[in-house]
Amino acid sequence: MAKITIDEKVIECRDGVPVLQAAIEAGWDIPHYCYHPGLSVTASCRLCLMEMQLPHPKTGEMGWVPKLFPSCQTPVRDGMIVRFDSEVVRDNQKSCMEYFLIDHPLDCPVCDQAGECYLQDYSQKFGNSKSRMVEQKLVGPKKDIGPKTYLYSDRCVMCTRCVRFTEEISGTHELCSVNRGARREIDVFPGMPLDNPIQGNVVDVCPVGSLLDKDFFFKQRVWFLSGTPSVCPGCSTGCAIRVDQNENTVFRLKPRSNPGVNDWWMCDEGRFGFKYIHDEKRLTAPTVRRGADTEEVRWDDVPEIVSFRFEQHVAKHGDDSVAVVLSPMMSCEEAWLLVKFIRGIAPAATAVTGFVPTVGEAQHFPVGCDAENVKFTILPEKCPNRRGVELIAERAGGETCGFDEFVKRATSGAFSAAWIVGGYPEAWVPKEMTKVVKQLETLVVQDIFANTLTAAASLVLPACAWVERDGSFMNHAGKVQPFERAIRVRDGAKRDGQYLFEISGHVGLYSGDHVREMMADEMKEFANIGDAPPKPVHQH
Amino acid sequence: MPDYETVLLRNVGVEGSRTIDVYRSRGGYRGVEKALKQMADDEVVEEVKRANLRGRGGAGFPAGVKWGFLPKDRERTLLCVNADESEPPTFCNRVLMEHDPHQVIEGIIIAGFATRAQVAYVYMRVEFHEQFHIMQVAIDEAYAAGLLGKNILGSGYDLEVYVHRGAGAYVCGEETALIESIEGKRGCPRIKPPFPAIEGLFRRPTVVNNIETLANLPHIIERGADWFLGIGTANSAGPKLFCVCGPVNRPGCYEAPMTITCEELIMGDRFGQGMSGNASVQAVFPGGTSMGVLKADEVHMKMDFDDPRNFGLLGLGTAAAVVVGDKTDMRDVLRNMARFYALESCGQCTQCREGTNWMYRIASRIASGAGRIEDLDLLEEVAGRMGMMPGLSICGLPDGATFPVRGIVRKFRSELEEHIRGQEPAGAERVLSVLN
């Protein structure tokens, strides 16, 4: 820990970080565009300049130097004395803000970034209300630079964060800057559009409305959105994200700073993979089979139906004929409640880790880097919680097995009752399941969409998407990350956690935090989850 | 100065001066022999330090001190020779390369030996087509004569020299932009630290020297630092090349000690030989355009490293004087100056990218006859905000853009105001109402 003095206040900061980062972490609002803690330093926006005390070359006495230093490029040193609260620093910020708007079209009313734009914020806080620029503006072109992104170069502040992102993080080098001076603009190389699996991050790193997400384009004013901290369920990396919704509709996902897991980034697959949650074909009500027909039942009756069916079954066929298939799309809390419930009725029931969708191989970024320089990884396991449910199945004691093993044993008639959880965004039921289904006398299926399993089930429970639930996922590295509920469930549906809570005999409202506390008594992995995120954090 | 002995330009006009034989017959390559055979590399550095050889590229930083910044335990050093010479009216390096390439090469070898560089890159601006071929032929001759390559003159010192051609950017004359350009990247100045002496070209310790600086080295080594210090003044020692152009009778590149004045350079018999026709001096940009401007009554300024500051100039610069005659409209000069820097800003730093272009647009409007009196204040302030304080930008280009514009507005304010008052009434309002 280094001790430095900023504006006459002594703060402690991490060693080796730039003064700017230390000041941000200590609560200062220092304007900056080009600096991003995940990217290299170019010190080109010249907005974060500060004054510094240095020893006088002749007398050795410490004093303010008549020079400005970029705080993003100056690493902290113990005993350093700097200031942002001075006239020259403020003068520079003021003139910079005037310069940034010289050729800016001031089209905030039609700009998607308005409301979360650092040109707006800094202009208001550090800039001027009027520009003295009366000449004709240079109008930069609006460009379609890739299948998912627009570039409005007239709004650009030339921070080159996006260029550095494609150079240093994605390693795909699609973006570059062309031309000189005020005509300098960001561009793609001819015939090489911005199209890589993590390109959506360039929109996030853009501090202004220059890079725009086509998926979110003109969809919503950002001040109508409210964000909820969540975890991406797209793969077992477990990127920390923010779910932005308005009136129960999710409009976009944004990554949150999460050192060691996803840093500041997320992949496009995760970013745009939430559309299924608003699919009209989703199941919303519990149904029971009556002969060839199905019939909706009231949620209030579900606990009784389930208990009755399983108790009857165990009495008839013995408790080792029961299997519970825990989906890796479930949260740890839900899996724990379910396995507890089943084992309560059938102590010798087999806990199965559900189907793990796997696509291709791990994709490491920057593309083609060595193992020690990996900045971001998309994993082939397209589910968030395989390790979590495996751990819970194992810790519950008794017999456990994998999904393939389950299919094999069930086909040969080892099980006659099962609770199968799905919840996958895409069709998942393997062909062999048709044979399995025939062996199962009692089948409870909990899934998002109708499929061959729900068609054969004696009881179908609608599952919810992760944005409608709360709980935690354990990622591939064993890190437990809590996520919050972002939107209400559909009319008629009920949160998975809530009905599992009720079935298990608990009274009241389910809460992931509460269940996690109960779990923590048995499993220390789930103790003290949800503490403050580790540094570095960064606002934009 | 009838008794001045020409040093740097002594071979100009001699037949076959580009060839190694003629260069040798006139005493060439004696400096290299002395340095490589009789001196240690640190002795060469000390001698150059003692001679107070200040960089001729514009900033005037002592070359020996610059070499002293190299880490002592370095393994591989690179030498970059700055032959970009992109300051508007400057052509001293060009004359040296055209007429006496071997003098330059000799300087490169001595500098390489002193800094323990194994490779030297001559960074040449792309417009130097002929000069490129002349230098390349001379380098080939030097290789053939054993003056370049492995084991030069049997001393065990190796040096490879490559000529690298730029792609036409003023900013590539800045040492870190030059380094980026040699690396094959976009020519944008780098942030410092690390300074090139510690981590420069290809992340190795690097020295960047101007051609003219290097051309002085053979003479310092051959004749000693004391001889060098005997020319000019203590702070501005040694021979210097001066360019003069504009409406003078004899524009060209001349050599003189740094005791001459700007007036002598324009009027002197050995130099510009006075104004052509019946023109008289209205203004002079004495150090390349980026250093600022002198009024006609300030031309007694000494062309050394110190005096320009007394006249509100940034420095001596490249010591290339552009004379502006009294027939020229200062509004056009203003516009032209602002335009150059607006086109040449690399576009990294906000102040420079936006400020240069803003200044150009204001200056253009003034030149087109739609200026307002308050534009002059605005222009001065915009210029001031780009170079208000050191550290505002990564490189010195915005300072270079500031000084001519601010100089013209300050020193020629009455002329400019007169033009603005004399223009069509309400013209500015009409133009501005169309724009906004």
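**Reading a two-chain predicted model**

Biologist: Among contacts in chain A between residues at least 6 apart in sequence, what share joins residues at least 24 apart?

Modeller: Two residues are in contact if their C-beta atoms, placed from the backbone, lie within 7 Å. In chain A, 68% of the contacts between residues at least 6 apart link residues at least 24 apart. For chain B, residues 24 or more positions apart account for 71% of the contacts with a separation of 6 or more. This is a predicted model, in which local features need pLDDT of at least 70 and side-chain atom pairs count only at pLDDT 80 or more, while totals for chains, interfaces and linings use all residues. Residues are numbered from 1 along each chain as its sequence is written, and chains are lettered from A and ligands numbered from 1 in the order in which they are written.

Biologist: How confident is the predictor in chain B, on average?

Modeller: pLDDT is the predictor's confidence in each residue, from 0 to 100. Chain B averages 94, and 99% of the residues score at least 70. Within chain B, helix α6 (residues 101–115) has the highest confidence, at 97, and helix α17 (residues 427–435) the lowest, at a mean of 78. For the complex, the predictor gives an ipTM of 0.92 and a pTM of 0.93.

Biologist: How many helices and strands does chain B have?

Modeller: Helices (H or I, at least four residues) and strands (E, at least two) are DSSP runs, numbered from the N terminus. Chain B has 17 helices and nine strands. Its radius of gyration, taken over C-alpha atoms, is 22 Å, close to the 22 Å that the globule rule (2.2 Å times the number of residues to the power 0.38) gives for 436 residues, so chain B is as compact as a globular protein of that length. Chain A, by comparison, comes to 14 helices and 26 strands.

Biologist: Which residues have the most contacts inside the largest nonpolar core?

Modeller: A residue is buried if 20 or more other C-beta atoms lie within 10 Å of its own, exposed if 12 or fewer, and partly exposed in between, with C-beta atoms placed from the backbone. A nonpolar core is a set of buried Ala, Val, Leu, Ile, Met, Phe, Trp, Tyr and Cys residues joined through C-beta atoms within 7 Å. The largest has 290 residues, and Leu326(A) and Cys80(B) have the most contacts inside it. Beyond its neighbours within four places in sequence, Cys80(B) touches residues including Tyr121(B), Leu178(B) and Val207(B). Buried residues make up 49% of the 540 in chain A and 56% of the 436 in chain B.

Biologist: What is the strand order in the open sheet of chain B?

Modeller: Two strands pair if DSSP finds at least two bridges between them. The five strands run β6-β5-β9-β7-β8, with mixed pairing. Pairing on one side only, β6 (252–257) and β8 (294–295) of chain B are the edge strands. Strands β5 (residues 239–245) and β9 (residues 320–325) of chain B run parallel, joined by three bridges, and Cys245(B) stands opposite Val322(B).

Biologist: In chain A, how many bridges pair β25 with β26?

Modeller: Four, in the antiparallel sense, between β25(A) (residues 471–474) and β26(A) (residues 480–483). Phe473(A) stands opposite Gln481(A). Five residues lie between the strands of this hairpin, where Gly478(A) takes a positive phi near 85 degrees.

Biologist: Which helix gives the largest share of the side of chain A that touches chain B?

Modeller: In total, 29 residues of chain A are in contact with 31 of chain B. Helix α2 (residues 87–100) of chain A contributes the largest share of the chain A side, six residues.
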